[in-house]
Amino acid sequence: MNTSTTTGTATITSPGQGSLQRADDVVRGLGLPDTGIEVNDPGTEKTIAHVPDANQTGITDTLRSAHRAGLDWAQTTPRERSNILHRWWELLTDNAERIALLITREMGKTLPEARGEVKYGNDFVRWYAEQAVRSGGHYQDAPDGGSRIITRRSPVGLAVLITPWNFPLAMATRKIAPALAAGCPAVIKPATATPLTAYFAVQLAREAGVPEDLVQVVTTSSSRTFSETSLRDQHTRKVSFTGSTEVGRTLLGLASERVLRTSMELGGNAPLIVFDDADIERAAEGAAAAKLRNGGQSCIAANRFYVQNGIAEEFVAAFREKMQAVSMGHGLADGVGLGPLINGDAVTEMGRLVDDAVENGADLLYGGKAPEGPGHYFEPTVLDRVPPTVEVATTEIFGPIAAIQRFDTEDDAIVRANDTEFGLSGYVFTENLDRAFRVSDRLETGLVGINQGVPSNAAAPFGGVKQSGLGREGGAAGLEEYQNIRFYNIASR
């Protein structure tokens with residue numbers, strides 16, 4: 001049975017003991033140590049597990065054992081790799097509810113959202129199980145005659161994978177699956193806030209037939225030690241990172257020392273544009289999804305809302321209604337639509353952003369407060385008529401705050417949407433097909449959601465432009481990130 005406590009206007013729903021027990025049973029099944037780095041439940045602030053704290057020597061040993069395992073893996077056939085990936089997908093699917101419980105317990109997102117992440121994360125494994133046997137090459141006659149040109153793809157080598165805390169399964173499988181499909185070994189460092197899901201996923205990979213040392217999880221309290229050790233190791237040939245632009249720049253500097261292949265999925269500041277001809281209900285629903293997915297803790301979350309004046313009042317009223325209808329509480333509680341933020345610092349930052357916006361002229365229409373603990377909660381918040389220069393309108397929010405601005409013309413919206421160093425995602429709501437493509441083509445982003453708030457798909461290339469990153473994950477392009485192209489010039493008579 002769930003219980004509720006009320007602080008001011010915020011009601012926090014707590015989970016029943018049965019839900020917590022089921023999640024904790026999954027944690028205990030991982031066989032983790034009793035000491036090490038603490039992993040806490042952000043909804044209760046209680047420690048639920050400990051994970052190993054690797055030092056430089058341990059990191060080096062892990063890299064080298066993965067490299068050795070990779071030498072044999074690179075010689076396997078695409079069909080062998082595909083079959084093992086299919087078995088991994090089946091095990092992930094069979095254990096979907098256990099993984100979802102684990103995600104919610106360590107990260108805080110609601111259980112329905114965690115189940116959605118499990119499906120999304122599993123889709124990457126299935127996709128690359130299929131792509132493993134589709135790695136193509138190329139043949140052509142040399143233009144000047146005399147030879148034939150053939151190209152083929154080969155594994156790039158040891159891949160270092162660094163994942164964030166907000167999607168602990170999907171960010172892991174999005175990197176591990178293409179690495180394995182391409183024939184590469186991998187060492188993955190999950191965020192210390194949410195490492196349990198990665199441990200479980202890799203455990204299932206081994207049950208599926210992935211060799212013991214081929215994919216290894218490393219947890220450490222020193223990200224710097226891991227980055228410097230792994231990117232400078234002679235065996236590392238690839239680094240894939242999802243996280244902040246600031247950290248990405250540092251990693252790119254390290255990667256340049258050894259000219260490593262890099263994939264960087266970095267920060268975002270997504271614009272969401274609602275035009276006068278948009279369907280109000282669909283736009284409000286899509287905007288709420290784009291804002292509140294993962295509690296707003298997503299690199300593609302809608303950050304800057306631009307609403308055309310002719311529809312603004314109607315849209316804001318409908319959107320506010322959607323936000324007000326969201327219940328807040330522990331992710332394992334029934335009926336909850338918004339879980340906790342990842343930690344206390346995130347809650348403090350949300351309050352600071354709201355206070356700064358209101359002090360500088362924004363209208364606070366709903367929310368804006370953090371209830372008393374336990375748990376790191378912040379209300380779904382709607383700010384209207386936000387000045388374009390305040391911090392909430394220029395920074396990556398990473399929380400449940402919607403900052404709405406008004407605009408007059410299409411050109412005005414596009415100029416303002418592109419006025420950022422970031423370029424990961426954008427959203428366009430309009431019933432005019434020509435406008436949908438015209439505006440999307442002009443947005444300086446790597447992906448665009450048109451009349452929908454959740455555009456990600458395992459079959460599509462995900463990544464940004466400008467300061468939002470390099471390379472793509474997902475789709476056919478995601479496999480190529482882990483492959484070298486070799487060219488053969490064969491003499492002909």
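**Packing around Leu196**

Modeller: Leaving out neighbours within four places in sequence, Leu196 is in contact with Val27, Leu30, Leu32, Val39, Ile48, Ala49, Val51, Leu102 and Glu106. The model is predicted. Leu196 belongs to the largest nonpolar core, which has 64 residues. Trp88, Leu92, Ile99, Ile176 and Leu180 are listed with Leu196 as the residues that have the most contacts inside that core. Another core lies apart from this one; its 31 residues include Ala284, Ala287, Val316 and Val382.

Next, the sheets. Six strands make up an open sheet with mixed pairing, in the order E9-E8-E7-E10-E11-E22. Strand E9 (215–217) and strand E22 (469–470) are at its edges; each has a single partner strand, so one side of each has no neighbour in the sheet. Within this sheet, strand E7 (residues 158–162) pairs with strand E10 (residues 236–242) in the parallel sense, over five bridges. Val160 has Val239 in E10 as its bridge partner.

Helix H6 (residues 170–182) packs on the sheet and touches E7, strand E8 (186–189), E9, E10 and strand E11 (261–265). The direction of H6 makes about 155 degrees with that of E10. Helix H8 (residues 223–232) lies across E7, E8 and E10, and runs at about 160 degrees to E7.

An open sheet of three strands has the order E5-E6-E23, with antiparallel pairing. Here strand E5 (138–141) and strand E23 (483–491) are the edge strands, each with a single partner strand, so one side of each is left without a neighbour in the sheet. From one strand to the next, the twist averages 20 degrees. Strand E6 (residues 147–155) is joined to E23 by nine bridges, the two running antiparallel. Ile150 stands opposite Tyr488 in E23.

Rolling a probe the size of a water molecule over the atoms shows where empty space is left. Counting cavities of 30 Å³ or more gives four. The largest cavity holds about 80 Å³ of space. Its lining consists of Tyr120, Asn166, Phe167, Met171, Arg174, Glu265, Arg293, Ser298, Cys299, Ile300, Ser456 and Phe462.

Conventions
Residues are numbered from 1 along each chain as its sequence is written. This is a predicted model: local features need pLDDT of at least 70, side-chain atom pairs count only at pLDDT 80 or more; totals for chains, interfaces and linings use all residues. Side-chain values use heavy atoms; hydrogens and water are left out. Two strands pair if DSSP finds at least two bridges between them. Helices (H or I, at least four residues) and strands (E, at least two) are DSSP runs, numbered from the N terminus. Axes are lines fitted to C-alpha atoms, for helices over the stretch in contact, and angles run from 0 to 180 degrees between N-to-C directions. Contact means heavy atoms within 4.5 Å. A nonpolar core is a set of buried Ala, Val, Leu, Ile, Met, Phe, Trp, Tyr and Cys residues joined through side-chain atoms within 4.5 Å. Buried means under 20% relative accessible area, exposed over 50%, partly exposed in between (1.4 Å probe, protein chains only). On a 1 Å grid over the protein atoms alone, a cavity is a set of points where a 1.4 Å probe fits but cannot get out, and a pocket is an open set with protein on both sides within 12 Å along at least five of seven lines; lining residues have an atom within 4 Å of a point. Grid points are joined across faces, edges and corners, and a volume is the space filled by probe spheres set on the points.
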